[in-house]
Amino acid sequence: MSTATAPATTAPTAPRPAASTYHLSFARVVRSEWIKLLSLRSTWWSLGITVVLSVGISLMMAAALRDFDAGFAPVMVIVMPMQFTMLVAGILGAIAITGEYSTGMIRSTLTAEPRRGAVLLAKALVVMVVLALATAITYAIAVVATAPILTTGIDWGEPTQSILPLLAGVFAMATFALIGLGFGFIIRNGAGAIAATVGVLFVLPIVLSMFSFAGESWQWIVDLTKYLPVSAAQVATAAGGDDVVRGLVTLAVWPAALLLGAWVSLRSRDA
Amino acid sequence: MIVAENLTKRYGSTTAVDGVSFTVRPGQVTGFLGPNGAGKSTTMRMIVGLDAPSAGHVSVSGHRYNESRSPLTEVGVLLDAKAVHTGRSARGHLRAMAATHGIPNSRVDEVIALTGLEAVANKRAGKFSLGMGQRLGIAAALLGDPQTLILDEPVNGLDPEGVRWVREFVRHLAQEGRTVLLSSHLMSEMSQTADHVIVLGRGRVLADAPLAELVGAWTRNEVLVRTPRAADLASALAAPDVTVTDAGNGALSVSGISASAIGDLAAERGIPLHELTPRTGSLEEAYMALTEGAVQYKSKEIA
């Protein structure tokens, strides 16, 4: 700390002429959010868990598929671990912002970029891209790893049996993270945001499906299930499915609505 | 230059800041004083757009903070040391902040060196001591080499060397023509650092004046006199504008007359003096007198 004792020599002697080139731009805010997300250990932990969990389950399913023919397309072996990794994606999205509220970082963020909409958009973009890249890499590893095990390989000549379900899976994972991010912005508290995210992704489908035992008059509740993110993701990633577009649209509506709510909340509330 | 006009902040039924108006001018250090809960931090948060005012407005460099396209080069802010993600290293935090404005990493290294953080720059901020966190907050405030600095309790938790560094540094910045607004609870520190003082109490401006003027107006200059013939001296000093009070132990506290005049008078009457000490008022005394009725969380006097 010897430098701190001699302010006269270390202090800037004159306003820096280069200072005029330092100003905000959306690309720079995105870059800042990119640095922020990737400079946290929790991000790498979450992504690591996602990759290991996803590839591991894919390998198990590929092995199981050798013993009995479940009657589904081999590409589903790659996509289906989403049922588990979606929670990690959602939690990663939630803590990307609740971590800022719990530590006070949000005040630094909003003084550096006071236009709150830009902060929200940049964060959403970065979370989306990071999850999409991580999922794409996961799928690539899973495809290579399961190839020797699968008796019938993925039919790469037929997009609906190969690349389209994989792209839908990438999209779905990014969506789950954005749902977490949306809840995080609105609720601000880490535990609360994670509870809401897990609730929508995991608990709500179970609760709603319980009403299938309740008889005809409760059927409408069961019908609601298909508008939940997870059901929509299953529909969207189904190889050769009929309702792929409906699934994708439903998937997109969830983060869009939540992030809109997040924007209203962020703009109107004190940080 | 920071201009606040009729700035007001209400939280439900409580009014934290109540129609506050002031101007913080460049080229001097302006101290922000007030008891806990007086509204200092809330006012600072409104200046940088974190809290929206319920009424009134505040501008920095002629416009609202939120309208700035280059806030980090216009205003450096330290609101509290805990505005840093605990899981990120000091360097990571500063790089992320710098990236928003395209400020190069070389400047990040500069402010790390300037604040004496080299040894811990790669440590996670969550493991920092209060003083280190404070240095990191100051480093972040300096990133854009801003024209205006707003520092809330900058010396809180700093070691004596750090306290002195902050004092000399902000004085240096003010001399360069920059605007500096800082709050502190340390009166002695403030009296050495600030040129101008704004005192808040219960959300209102109690005083807004140059330091010397404030101290002069709210304290009395006294002379402590010790003499074996206290009664004789007291009667000799008697005059309409002179007050003499017994300070105990054979000492008198005299105001309204200068030390030299007392000495001359005593010599004239042959009264021996054992002590003659002029005492000027301190900022602390002025502050105590000013905020007497405005202290929200008052401690009990020790009997």
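In this predicted model, helix α9 (residues 190-210) of chain A packs against helix α11 (residues 229-237) of chain A at an angle of about 90°, with the two axes 8 Å apart. That makes α9(A) roughly perpendicular to α11(A), where angles of 65 to 115 degrees count as roughly perpendicular, under 35 as roughly parallel, over 145 as roughly antiparallel and the rest as oblique. Axes are lines fitted to C-alpha atoms, for helices over the stretch in contact, and angles run from 0 to 180 degrees between N-to-C directions. Residues are numbered from 1 along each chain as its sequence is written, while chains are lettered from A and ligands numbered from 1 in the order in which they are written. Because the model is predicted, local features need pLDDT of at least 70 and side-chain atom pairs count only at pLDDT 80 or more, whereas totals for chains, interfaces and linings use all residues.

**The α9-α11 contact in chain A**

- Val200(A), Leu201(A) and Pro205(A) of α9(A) meet Pro229(A), Val230(A) and Ser231(A) of α11(A); two residues are in contact if their C-beta atoms, placed from the backbone, lie within 7 Å.
- By class, the contact of α9(A) with α11(A) has 5 nonpolar residues, 1 polar residue and no charged residues.
- Ala, Val, Leu, Ile, Met, Phe, Trp, Tyr, Cys and Pro count as nonpolar, Asp, Glu, Lys and Arg as charged, and the others, Gly among them, as polar.

**Chain A as a whole**

- Chain A has 12 helices and 0 strands; helices (H or I, at least four residues) and strands (E, at least two) are DSSP runs, numbered from the N terminus.
- The C-alpha trace of chain A spans about 80 × 50 × 30 Å along its principal axes.
- Of the 271 residues in chain A, 45% are buried; a residue is buried if 20 or more other C-beta atoms lie within 10 Å of its own, exposed if 12 or fewer, and partly exposed in between, with C-beta atoms placed from the backbone.
- Among the contacts in chain A with a separation of 6 or more, 78% come from residues 24 or more positions apart.

**Helix α6 of chain A**

- In helix α6 (residues 105-112) of chain A, 8 of the 8 residues are buried, so this helix is largely enclosed by the rest of the structure.
- The buried residues of α6(A) include Met105(A), Ile106(A), Arg107(A) and Leu110(A).
- Their packing partners are α5 (82-103) and α7 (116-146) of chain A, together with α2, β5 (75-78), α3 and α5 (130-142) of chain B.

**The contact between the chains**

- Chain B contributes 45 residues to the contact and chain A contributes 39 residues.
- On the side of chain B that touches chain A, the elements giving two or more residues are α2 (71-74), α3 (90-99), α4 (105-114) and α6 (160-175) of chain B.
- The most on that side comes from α6(B), with 6 residues.
- The residues of the side of chain B that touches chain A comprise 19 nonpolar, 17 polar and 9 charged.

**Domains of chain B**

- An automatic or database domain assignment divides chain B into domain 1 (2-209) and domain 2 (220-279).
- The C-alpha centres of domain 1 of chain B and domain 2 of chain B are 46 Å apart.

**The six-stranded sheet of chain B**

- An open sheet of 6 strands in chain B has the order β5-β6-β7-β3-β8-β9, with mixed pairing; two strands pair if DSSP finds at least two bridges between them.
- At the edges stand β5 and β9 (204-210) of chain B, each with a single partner strand, so one side of each is left without a neighbour in the sheet.
- Neighbouring strands of this sheet are turned by 15° against each other on average, direction ignored.
- Strand β6 (residues 148-152) of chain B pairs with strand β7 (residues 179-183) of chain B in the parallel sense over 5 bridges, and Asp152(B) stands opposite Ser183(B) in β7(B).
- Helix α1 (residues 40-47) of chain B packs on the sheet, touching β3 (29-33), β6, β7 and β8 (196-201) of chain B, and its direction makes about 145° with that of β6(B).

**The four-stranded sheet of chain B**

- An open sheet of 4 strands in chain B has the order β11-β12-β10-β13, with antiparallel pairing.
- Its edges are β11 (243-248) and β13 (275-279) of chain B, each with a single partner strand, so one side of each is left without a neighbour in the sheet.
- From one strand to the next, the twist averages 25°.
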